[in-house]
Amino acid sequence: MQLSVQTAGSPPTSLILGPGAPVMVFDVGGTDLKYGVVDSTGRFAHQGTTPTAIASPGEFLDQLSGLVATYRAEPPDRRPQAIAVNAPGIVDASTGVVVSAVNLGWTDFALSSALEARVGLPVVLGNDVQVAGLAEHRLGAAKGLRNALVLVIGTGIASAVILDGEVYDGDGYAGEIGHARMEPLTSTTAIPCTCGASGCLQTVSSASAIARNYSAVSGVPVVGAKEVMEAAAAGDSAAVEVLDQAYDGLALAIAQSVALLAPQAVIFGGGLSNAGDALLVPVAERLDSILSFHRRPLLLPARFGSSAGLLGGAVQARQLLCKERPTGGRQIPSPWRD
């Protein structure tokens, strides 16, 4: 039985959660900080992007506090009543602590309590990929599925694991599939990873790795994976070799997840997913050749793209106002309209 691959449809022009409390969301990146305000109708009344202030945690808190103050001057239907912050790295959502965010230089940063003290509003903290996975599960490509894997492929690779209809966070450590070793322990060619290990999935299959490895093999500098895909389509043997390794790595990692978790679908997000069938079809072919008796998952493009973090954060901020903070991957009945 072959795997089913579905191509992306048009993303929604207006993300609507339905009536509820107005909330504010911050989606933190190493370079840019995205933010948005959801009004009482459930629409994004404001969205913006600004460089992330990462010189120190104090500077970052000043940045967020200033933005919150701006929007607290809005009319009541757009005045935030709760804040959600999505951060990269190891995040303990139950305590509101960023355990480790290497790209931001944060360790054991009690972000939720520190921001709450400054703005006087409740704050919920989540891992950026898991929050994006929540959006895809509740309202997007994985809606209605009890078990799914949301795979985000960009500069690195990470995932959100949906088990029995809930996002499983493993106390902040779940989903780090990009740091699962793919190379044999005896390999002498395993590429060192930024995490300190070698042979991790993201050293061969992330968008940045595809560009870097092609430049190393061919001697031709490229900006991103798109150029490598174009070169492969034109018959460049070095590009084909690098992409074959990348697709092999993704298929192996997904096959291991299928054997362990039996997801109904694997949702592809992140910058590399913009390649569409050029990514999904070769990965599906490889995955189908690996699996035997296993349940074949659907391979689906993410619905919300770069908006998923803001949407998922808004969901979590509204959940927080339902008087129950999501902990240990447990999700709260929906205070929004499907």
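The model is predicted.

Five strands form an open sheet in the order 3-2-1-4-8. The pairing is mixed. Strand 3 and strand 8 stand at the edges. Each has a single partner strand, so one side of each is left without a neighbour in the sheet. Neighbouring strands are turned against each other by 15° on average, direction ignored.

Follow the chain into this sheet. Strand 1 covers residues 23-28 and runs antiparallel to strand 2, with six bridges between them. Val25 stands opposite Gly36 of strand 2. The two strands form a hairpin, and three residues lie between them. Strand 2 then pairs with strand 3, residues 44-51, again in the antiparallel sense. Asp32 faces Pro51 across it, and Tyr35 stands opposite Gly48. Strand 2 and strand 3 also make a hairpin, this one with five residues between the strands. Gly42 in that hairpin takes a positive phi near 95°.

How enclosed is strand 2 by the rest of the structure? Five of its seven residues, in the stretch 32-38, are buried, so strand 2 is largely enclosed. Buried here means under 20% relative accessible area.

Helix 1, residues 57-71, touches strand 1, strand 2, strand 3 and strand 4. The direction of helix 1 makes about 150° with that of strand 1. Helix 3, residues 128-139, lies across strand 1, strand 4 and strand 8. Helix 3 runs at about 95° to strand 8.

Pro122 is in the loop between helix 2 (111-119) and strand 8 (123-127). With a relative accessible area of 29%, Pro122 is partly exposed. Which residues does Pro122 touch, leaving aside those up to four places away in sequence? They are Gln81, Ala82, Ile83, Glu116, Leu320 and Leu321. Ile83 is 39 residues from Pro122 along the chain, yet their C-alpha atoms are separated by 6.2 Å.

A separate hairpin comes from strand 6 (residues 97-101) and strand 7 (residues 106-109). The two run antiparallel and are joined by three bridges. Val98 has Phe109 as its bridge partner in strand 7. Four residues lie between the strands, and Gly105 in the turn has a positive phi of about 75°.

Strand 9, residues 148-153, runs antiparallel to strand 10, residues 157-163, and six bridges join them. Val150 has Ala160 as its bridge partner in strand 10.

Asp164 has a phi of about 50° and lies in the loop between strand 10 and strand 11. Ala262 has a phi near 50°. Ala262 is found in the loop between helix 7 and strand 12. At 27% relative accessibility, Ala262 counts as partly exposed.

Helix 5 (residues 207-218) and helix 6 (residues 225-233) pack at an angle of about 60°, with axes 8 Å apart. That angle makes helix 5 oblique to helix 6. The crossing is left-handed. Helix 5 contributes Ala207, Ile210, Ala211 and Tyr214 to the contact, and helix 6 contributes Ala225, Val228 and Ala231.

How values were computed:
Residues are numbered from 1 along each chain as its sequence is written. This is a predicted model: local features need pLDDT of at least 70, side-chain atom pairs count only at pLDDT 80 or more; totals for chains, interfaces and linings use all residues. Side-chain values use heavy atoms; hydrogens and water are left out. Two strands pair if DSSP finds at least two bridges between them. Axes are lines fitted to C-alpha atoms, for helices over the stretch in contact, and angles run from 0 to 180 degrees between N-to-C directions. Angles under 35 degrees count as roughly parallel, over 145 as roughly antiparallel, 65 to 115 as roughly perpendicular and the rest as oblique. A crossing is left-handed if the near helix is turned anticlockwise from the far one by less than a right angle, and right-handed if clockwise. Contact means heavy atoms within 4.5 Å. Buried means under 20% relative accessible area, exposed over 50%, partly exposed in between (1.4 Å probe, protein chains only).
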